[in-house]
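Here is a friendly note to read with the structure open beside you.

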Amino acid sequence: MENHTQSHDLAKGQQEMVAVRFRRRYRLCQVLTVIGVLFLLTLGSINLISNARFLGILLLSCAFVGLVNLYLLKRSDNVERAATVLSGILCFLSLSLLITGGKDNTGMLWIYPIMAINLFINRFWPAVVIFSFFTIASLLVLFTPLSFLLMTSYSLVEAIRFVLTVLALNVICLAALYSEEQAYQTIIQLHADDVRQMAFFDTLTGLPNRWNFKNNLQRLISRAKKDKRRIGLLYIDLDNFKQVNDQFGHEAGDRLLLEFSERLWEVIRPSDQLFKPNKDSLARLAGDEFVVILPDMKKPQDASKAAERILRVFDNGFDVDGISHNVYASIGIAVYPDDAIEPAALLQHADAAMYDAKNNGRNCYRFFTQDIAMALQQRQKIEKGLRLALSENQFSLVYMPIFDCKDNSIVAVEALLRCQSSELEGIGPDDFIPVAESTGLIKEIDLWVIDNALNALTQLQSSCAFEGKICINVSGVELNNERFPSQVKALLMKNNVSPESVELEITETAFVAGDMTCLETLKALNELGISLALDDFGTGYTAFSQLIHYPANCLKIDRSFVNDLFSASESRSKMVMIIQNLAKLYSLRVIAEGVETEEQLAYLKSLGCDWAQGYYLSRPLPWNELLNQITVNIKERE
C-alpha cells in the first residue's frame, strides 16, 4: 500500500510538471498574441494613414488572424495548434517585412525580435524547422532570381549582414531551447526512475516488491521450463514481529525488517555455491513477509539447506540496536514443477506450507505436501462459501440459554452463528471462523452477528419482557480494529439497545500480553457500558496477574475443564475451583459452559458458580423455540 501511494505521488508529480509546462506555453502564446495584435493594429493603422496600404492591410490581416487564434485558444486550450498558427503568422510577417522593407525600409530591424519570439514559443525541433524554413526563404529572396519579389532594394552587404545576423541570433535561441529541453527531459527521466523504483522496489529494504517478484518468478519459471530445471520458493513470515511494533514502536520494527533483509541476502549466498542468487531472488511481499527464489535446484531437498541457514539467523534471539528480540521465522517451501507450474499457484502453495509451519510450533520450515494441498482446497471452498453466504444472506442465528445457578432462571442468551450455504454443508463455525479471520471476512460477519443479535434482543424484550443479557461472540481480530468500538456504538443506537444488556465474548487466546491496541479497544468497549467476557478461560496464556489490567466483567470457564471436573487428573479437576476463586478475587462473574450432567451442575453450584449453560440445561434453540422456553421459564419463576 505504501509503495503504491508513493508511486502514485511521484506519477502525480510528473503530471504536475507537464501541467506547469503547458500553462507556461499557454500563457506565453496568450500574452504574445495580445501584444502582437495590439502592435499590428497600431502599425497597420499608421501605414494605412500614411498611404502604405499594402503593408497596412498585411499587418491588419495578421492582427485579425491573431485575434481568431486567441479566441480558439481560449475555447479549446489547444496550445499546440495556437503555437503553430502564431508561428505561421510570425513567419509570414517576417517574410513580408523582408520583401516590403517596412516603413522607411526598417523592416529588417523588426525581423530579429519577431524571429526570436517565434522560436521561443516552440519546442526545439519545431523551432529548428521554422529556423531552416525562414533561412532558406531569405536566401532565395535575397540571392536568387526570386529577388524580383522584393518591393525594396538591399545592397549585397546589407543582405549578407542580415543573413549572418539572423543565423547568429537563431543559433543562440536554438541553443537556449535545446538546453531547456534537455534539462526538462533530465528531470522527467529522474522522476521516471523514481517512479520505477517506487513501483517495483520496497522503499524500506530496497528489495523487489510483490509486483516485481511476480515478474521475476514468471521469468525464472519460463527459463526453468526450457532448461528442465527446478526452482525452489521459500515463503518466510516473521513470528512475534507484531510484539516488536507494539512494545518498541514502528521505527524499531522497521529497523528489524531492514536488518533481516540484509542478513537474508547474506545467508542465501552459501560458500558452497549451491545456488547462484541475485537481488531478484529476494522480495518483501508485505509487512513481515519475505520470499526467496532458489533457481537451478538439483533436487527439492536442496531448499532445506537454505531454509536451515535462514532459521539459524534467529538463534539466541535477533539483535537490533543492542536489543535482543524474541523473533523467529516460519518458512514454507514449494518447488517448481513438483508442486505447481504456474507462478501464482507456486506462491500460494509456499504460503500454505508456511502456515503449516506456524501450526506446527513455528521457528521451522515445511515443504508443501498433499495433506496441505487438501487443506488448502478445503480452505478455498470455505472462503468461497463465506463470500456467497455474505452476498446472499445465508447466515442465521441460534440461541443458547444461560441459566442462573441459584434459581435456574434464564438470565442471558448466547447468539451462535450458523450458515446455510451449500458450499459449507457439514462445516461448522469451528472450521469456518478461522478462515474468515485469515481472509478478513470476519469483520463483516461480526457486524452482521451483532446487528441481528441486538435486533433479536429488542424482540425478546418486547414480546417476553426479557430482562437478561444477549451474549455475542466476536473475533479476537476486532481487538486490533480501532473502528470496532464506534461500529458497535452505531449498532446499539440503530437497534435502540441499552449497552448494559449486551455482553461481548472474546476468547482468551486472542489476548497478547502488552498489546496496547488490544487494551485500548477493550477499554473503549467497556466505556460504552457493554460488559466483556473472557471466553474459553484457562486455555490461553493470560497470566492471572494480568486480569487486573483487562476491563473484563466475566470469566467463561472452558467446557474442557467442566468435562474434567471428576477426572483422575487432580490438576484438571481442580481447575474450575481455581478459576472460581480467581474470579472472586477480582469480583468477576463466572459462567460455566458445556454442562452436560446433573452431577456437574450440582458441583458448580456448590463452588458458587454464577451462571451455567450446556446441553443438560438446554441445547441451542431456533428463534421460535427460544421464545417458548423463555416464556415458560418466566412463568415458572412467577
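1. Strand 8 (residues 395–404) runs antiparallel to strand 9, and nine bridges join the two. Here a strand is a DSSP run of E with at least two residues, a helix is a run of H or I with at least four residues, and both are numbered from the N terminus. Two strands count as paired if DSSP finds at least two bridges between them. In general, the strands of a sheet pair through backbone hydrogen bonds, in either the parallel or the antiparallel sense.

2. A word on what you are looking at. This is a predicted model, in which local features need pLDDT of at least 70 and side-chain atom pairs count only at pLDDT 80 or more, while totals for chains, interfaces and linings use all residues. Residues are numbered from 1 along each chain as its sequence is written, and side-chain values use heavy atoms, with hydrogens and water left out.

3. Now look at individual partners in the hairpin. I402 faces A412 of strand 9, and L397 has L417 of strand 9 as its bridge partner. Five residues lie between the two strands, and N408 in this hairpin has a positive phi near 60 degrees.

4. What does strand 9 pair with in the parallel sense? The partner is strand 10 (residues 469–473), over four bridges.

5. Is strand 9 enclosed or open? Nine of the 10 residues of strand 9 (residues 410–419) are buried, so the rest of the structure largely encloses this strand. Buried means under 20% relative accessible area, exposed means over 50%, and partly exposed lies in between (1.4 Å probe, protein chains only).

6. Eight strands close into it in the order 8-9-10-11-12-13-14-15, with mixed pairing. Helix 19 (residues 575–585) packs on this sheet and touches strand 12 (531–537), strand 13 (554–557) and strand 14 (589–592). The direction of helix 19 makes about 175 degrees with that of strand 13; axes are lines fitted to C-alpha atoms, for helices over the stretch in contact, and angles run from 0 to 180 degrees between N-to-C directions.

7. There is also an open sheet, with five strands in the order 2-3-1-6-7 and mixed pairing. Strand 2 (282–286) and strand 7 (365–367) are at the edges with a single partner strand each, so one side of each has no neighbour in the sheet. On average, neighbouring strands of this sheet are turned by 20 degrees against each other, direction ignored. Within the sheet, strand 1 (residues 230–239) and strand 3 (residues 289–297) pair in the antiparallel sense over seven bridges. R230 has M297 in strand 3 as its bridge partner.

8. D451 is buried, at 17% relative accessible area. Apart from neighbours within four places in sequence, D451 is in contact (heavy atoms within 4.5 Å) with L491, K494 and N495.

9. Finally, some totals for the whole chain. The chain has 21 helices and 15 strands, and 48% of its 638 residues count as buried. Of the contacts in the chain with a separation of 6 or more, 70% are between residues 24 or more positions apart.
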